[in-house]
Amino acid sequence: MAVEKVKEFFEKRGEPERVMEFAESTATSEEAAQVLNCEVGRIAKTISVFVDKKPVLILMSGDTKLDNKKFRERFNCRPNMIPVDEVENLIGHAVGGVCPFAVNDGVPIYIDEALRRFDYVYPAAGSSNSITKFQLDELPSYINFSDWVDVSKLK
């Protein structure tokens, strides 16, 4: 199970307490915000897309969605979501628990500018009922961070 890979990832960094597990689902931004009693925007959802036929992850604020025009301007292609049945194989986590930690080697991860509104955010941790908490400025050092992007708009 992917949450076990994420737990191992944080244990190796000496931070096993990073992964929080809940009885309730945190699979969607709205569910996670409800469980954590926080605003939806603080949930750092992880979007799985193809860029130049290669898998890419984008961390986005839970109250935003992809802006096709901005995405096309940034990546020179239209956004193509990775099909649900291919996500786990290409990324390393199944839909509902896709997160930026312990992903397959070589998968670049971008963080959307909309998350800069928050000092801390809550990315998923590999399952549909697990979450981590990060100061936004420390998050890039924990992931295969490529760059900041501006590819979203508020819902």
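**Close-up views of a predicted model**

**View 1. Leu-139 sits in the loop between β9 (134-135) and β10 (145-149).** Strands are DSSP runs of E with at least two residues, helices are runs of H or I with at least four, and both are numbered from the N terminus. This is a predicted model: local features need pLDDT of at least 70, side-chain atom pairs count only at pLDDT 80 or more, and totals for chains, interfaces and linings use all residues. Residues are numbered from 1 along each chain as its sequence is written, and side-chain values use heavy atoms, without hydrogens and water. Leu-139 is buried, at a relative accessible area of 0%. Buried means under 20% (1.4 Å probe, protein chains only).

**View 2. Leu-139 meets residues from elsewhere in the sequence.** Leaving aside neighbours within four places, its contacts (heavy atoms within 4.5 Å) are Leu-59, Phe-101, Ile-111, Val-121, Pro-123 and Phe-134. Met-60 is 79 residues from Leu-139 in sequence; their C-alpha atoms are 13 Å apart.

**View 3. The largest nonpolar core has 29 residues.** Such a core is a set of buried Ala, Val, Leu, Ile, Met, Phe, Trp, Tyr and Cys residues joined through side-chain atoms within 4.5 Å. Ile-91, Phe-101, Leu-139 and Ile-143 have the most contacts inside it. Helix α1 gives the most to this core, three residues. Another core lies apart from it, with 13 residues, including Met-60 and Tyr-110.

Definitions and conventions: Buried means under 20% relative accessible area, exposed over 50%, partly exposed in between (1.4 Å probe, protein chains only).
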